[in-house]
Amino acid sequence: MTRTRRNKSYRLSKVHDRRAGDLPRNAEVVAVEVDDPLAVEPGEKIVALRSIRNDPLGRLHSHHQLDEAQFRAGRAFQSDWERAERGPQAVDPGRDYVDGVQAREPVTDSQRKAVLRLNRAERELGADGSALVHDVLVRGMTMEQVGQRRGVASQRWKDYFSRRFCECLDRLALVYGFATDRKQGPVTGPGRSGAP
C-alpha cells in the first residue's frame with residue numbers, strides 16, 4: 001500500500017451566511033462579505049446585508065460605480081460630518097432641569113480634528129464640489145434629486161453630476177489618505193524646462 005502525501009491544507013476560510021430571511025416589503029439590501037466579529041481565527045468572513053435604501057454612496061458602491069478608495073473616503077467624510085455636527089441630542093433625565101436651558105458641552109479633540117479635516121476637504125473641493133458632496137453624502141440625495149434641486153432635470157445633467165461626484169470622491173480619497181496622487185511626469189509648458 002502506497003501513501004500519497006498531500007501538501008495542500010484542507011482548512012479553507014469558511015463563509016457563514018447570516019442573512020435575514022424575512023425582510024420588510026420595501027427593503028433595498030445587498031449582500032456584502034465582512035470580517036466575522038466572533039471569529040476564532042483571523043480572516044473568517046460572514047455574509048451580511050447592507051441597506052442601500054437611503055444610502056446613495058452604498059448604492060453606487062454596490063453597483064460597482066465607485067472603487068474602494070472612493071467609498072472609504074465618502075464614509076470618512078460622513079463620519080467627520082457626524083462627529084463635527086454632534087447631531088440631535090436626546091434629553092438626559094439624569095441632569096438637573098434649569099428653565100429648559102441645556103448647558104453646552106465642550107468641544108472635544110476629535111470634534112476639533114473632524115472640523116479641520118472638513119475645512120481642508122471644502123478647500124480642496126471648492127464651493128460647487130462641496131455643495132454636491134454635501135447634498136449626496138449628508139442629505140442622501142440621488143443625482144436626479146441633485147439636478148431637480150438645481151433646476152436642471154435632463155439626463156445630461158444627471159450624468160454630469162455623477163461624473164463630478166466621482167471626481168470629488170477622488171479628491172476626498174487624497175485628502176483622507178486612501179489614495180495617492182500619481183504624477184504623470186515632469187510638467188512642461190511655457191516658462192518651464194522642456195517647453196517647446
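How are α2 and α5 oriented to each other? In this predicted model, helix α2, residues 68–85, packs against α5 at an angle of about 75°, and the two axes lie 8 Å apart. Angles of 65 to 115 degrees count as roughly perpendicular, so α2 and α5 are roughly perpendicular to each other.

Helix α3 covers residues 109–138, and α2 packs with α3 at an angle of about 120°, with 9 Å between the axes. These two helices are therefore oblique to each other, and their crossing is left-handed. From α2, the contact takes in Gly74, Phe77, Gln78, Asp80, Trp81, Arg83 and Ala84. From α3, the residues include Ser110, Gln111, Ala114, Val115 and Leu118, along with His134 and Leu137. The α2–α3 contact divides into nine nonpolar, five polar and three charged residues.

Now follow α5 to a pocket. The second largest pocket has a volume of about 290 Å³. It is lined by 14 residues, of which Leu60, Gln65, Met143, Lys158 and Ser162 are the closest to its centre. Helices α1 (56–62), α4 (143–149) and α5 (155–176) each supply at least two lining residues, and α5 gives the most, with five. Sorted by class, the lining of this pocket has seven nonpolar, three polar and four charged residues.

Definitions and conventions. Residues numbered from 1 in each chain as written. Predicted model: local features only at pLDDT ≥ 70, side-chain atom pairs only at ≥ 80, totals over all residues. Heavy atoms only, no water. 1 Å grid on protein atoms, 1.4 Å probe; cavity = no way out; pocket = protein on both sides within 12 Å on 5 of 7 lines; lining within 4 Å. Points joined across faces, edges and corners; volume = space filled by probe spheres on them. Helix = DSSP H or I, 4+ residues; strand = E, 2+ residues; numbered from the N terminus. Nonpolar A, V, L, I, M, F, W, Y, C, P; charged D, E, K, R; others polar. Axes fitted to C-alpha atoms, helices over the stretch in contact; angles between N-to-C directions. Parallel < 35°, antiparallel > 145°, perpendicular 65-115°, else oblique. Left-handed = near helix turned anticlockwise from the far one by under 90°. Contact = heavy atoms within 4.5 Å.
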